[in-house]
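These are my notebook entries on one structure, set down in the order in which I looked things up. I begin with the packing and then turn to the chain and to single residues.

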Amino acid sequence: VIIDEEHRFGVRQKERIRQLTRNVDVLALTATPIPRTLNLSLAGARDMSVIETPPQNRLPVHTEVIEFDPEVVTEALLREVDRGGQAFVVHNRVETIFNFAAMVQQLVPQIRVGVAHGQMSERELEHVMQEFSEGRMDVLVATMIIESGLDIPTVNTLIVDRADTLGLAQLYQLRGRVGRSSHRAYAYLMVPSRRVLTEDAEKRLRVIEEFDELGVGFKVALKDMEIRGAGNLLGPEQSGHILGLGFDLYLKLLEEAVA
């Protein structure tokens, strides 16, 4: 059994899959394992192999964390459209996504803007995605619906609104939507100006900005585990408190318990 995008499944769902497939081999694939899965692997309860070789001609995505600035948005979108590319703008609130798209359209009146979110009807969504992937739209304003599984090589600019509200793995997955060809790609993670971010949000944004080379999913997942704490091996919790112990001591205790 092969489970792709393993981080999208909860513990209960994984247990259900395991029950259905009790006597078969299971291969789980993910760019960013959740703390509990990573914890199981590091503790030796699951085997793990890491693929760090990027596809040929891929370039790292240039990542910047900045305060929300309409000028930067305008400049980034115009630069992308001028070189014949497209852009994703992520605004993760369905209630206000059309207002946000209207604002983007106002900033750059000459580009074609589309909107995609998970509450649209199937036909509507399919139509928008088809228009966008065939190049009849320049910018797609979307929710986290585009997080994984999309491969559109012409999209090389990503702007994320309120990046401070997203998890580390989500940000890493989103960044993976751009730079899928041999062009240099750009990711702008926007945070609200004049608002104090939580300590964890700051840590997450620092990690994603710092680790911008290719094939760093595993390192990002390790940092995620440090921030959120490792998951419970037996219960359904995805994250937990290892901060009090420190990671090395936690692993040592875990090894003893497993042995």
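**Entry 1**

I note here that the model is predicted.

I then asked which residues Phe88 is in contact with, once its neighbours within four places in sequence are left aside. The list runs to Phe132, Leu140, Ile146, Leu150, Ile152, Val155, Thr157, Leu158, Ile159, Arg177 and Val178.

Helix 6 is mostly covered, with seven of its eight residues buried. I listed these as Leu168, Ala169, Leu171, Tyr172, Gln173, Leu174 and Arg175. What do the buried residues of helix 6 pack against? I found strand 3 (62–67), strand 4, strand 7 and strand 8 as partners, together with helix 7 and helix 8.

Helix 2 (residues 35–42) is also mostly covered, and seven of its eight residues are buried. In helix 2 the buried residues are Pro35, Arg36, Thr37, Leu38, Asn39, Leu40 and Ser41. Gly44 follows helix 2, and I read a positive phi near 85° for this glycine.

**Entry 2: the chain as a whole**

I counted the secondary structure next, and the protein chain comes to nine helices and eight strands. Its radius of gyration is 20 Å, close to the 18 Å that the globule rule gives for 259 residues, so the chain is as compact as a globular protein of that length. Taken along the principal axes, the box filled by the C-alpha atoms is roughly 65 × 40 × 40 Å.

Of the 259 residues, 43% count as buried. I also looked at how far apart in sequence the contacting residues are: among contacts between residues at least 6 apart, 73% join residues at least 24 apart. The chain exposes about 14,300 Å², and carbon and sulfur atoms supply 50% of that area. For charge, I found 29 positive and 38 negative side chains, with the centres of the two sets 3 Å apart.

Thr143 sits in the loop between strand 6 and strand 7. Is Thr143 buried or exposed? Its relative accessible area is 7%, so Thr143 counts as buried, the cut-off being under 20%. Not counting residues up to four places away in sequence, Thr143 touches Val90, His91, Asn92, Arg93, Val94, Ile97, Ala116, His117 and Gly118. For one of these pairs I looked up the separation: Thr143 and His91 are 52 residues apart in sequence, and their C-alpha atoms are 5.3 Å apart in space.

Thr74 belongs to helix 3 (residues 70–82). I read a relative accessible area of 18% for Thr74, and since the cut-off for buried is under 20%, Thr74 is buried. With residues up to four places away in sequence not counted, Thr74 touches Leu107 and Val108.

**Entry 3: loops and positive phi**

Asn23 is placed in the loop between helix 1 (11–20) and strand 2 (27–28). At 76% relative accessibility, Asn23 counts as exposed. I followed Asn23 to Arg194, which is 171 residues away along the chain, and the C-alpha atoms of the two are separated by 55 Å.

Last, I looked for residues other than glycine with a positive phi. Most residues other than glycine have a negative phi. Glu5 has a positive phi near 50°, and its place is in the loop between strand 1 (2–3) and helix 1. Arg162 is not a glycine either, and its phi is positive at about 50°. Arg162 lies in the loop between strand 7 and helix 6, and at 26% relative accessibility Arg162 counts as partly exposed.

Terms used:
Residues are numbered from 1 along each chain as its sequence is written. This is a predicted model: local features need pLDDT of at least 70, side-chain atom pairs count only at pLDDT 80 or more; totals for chains, interfaces and linings use all residues. Side-chain values use heavy atoms; hydrogens and water are left out. Contact means heavy atoms within 4.5 Å. Buried means under 20% relative accessible area, exposed over 50%, partly exposed in between (1.4 Å probe, protein chains only). Helices (H or I, at least four residues) and strands (E, at least two) are DSSP runs, numbered from the N terminus. The radius of gyration is taken over C-alpha atoms; the globule rule is 2.2 Å times the number of residues to the power 0.38. Accessible areas come from the Shrake-Rupley method with a 1.4 Å probe; for residues, only the protein chains shown count as cover. Lys and Arg count as positive and Asp and Glu as negative; His and the chain ends are not counted. The place of a charge is taken as NZ of Lys, CZ of Arg, CG of Asp or CD of Glu.
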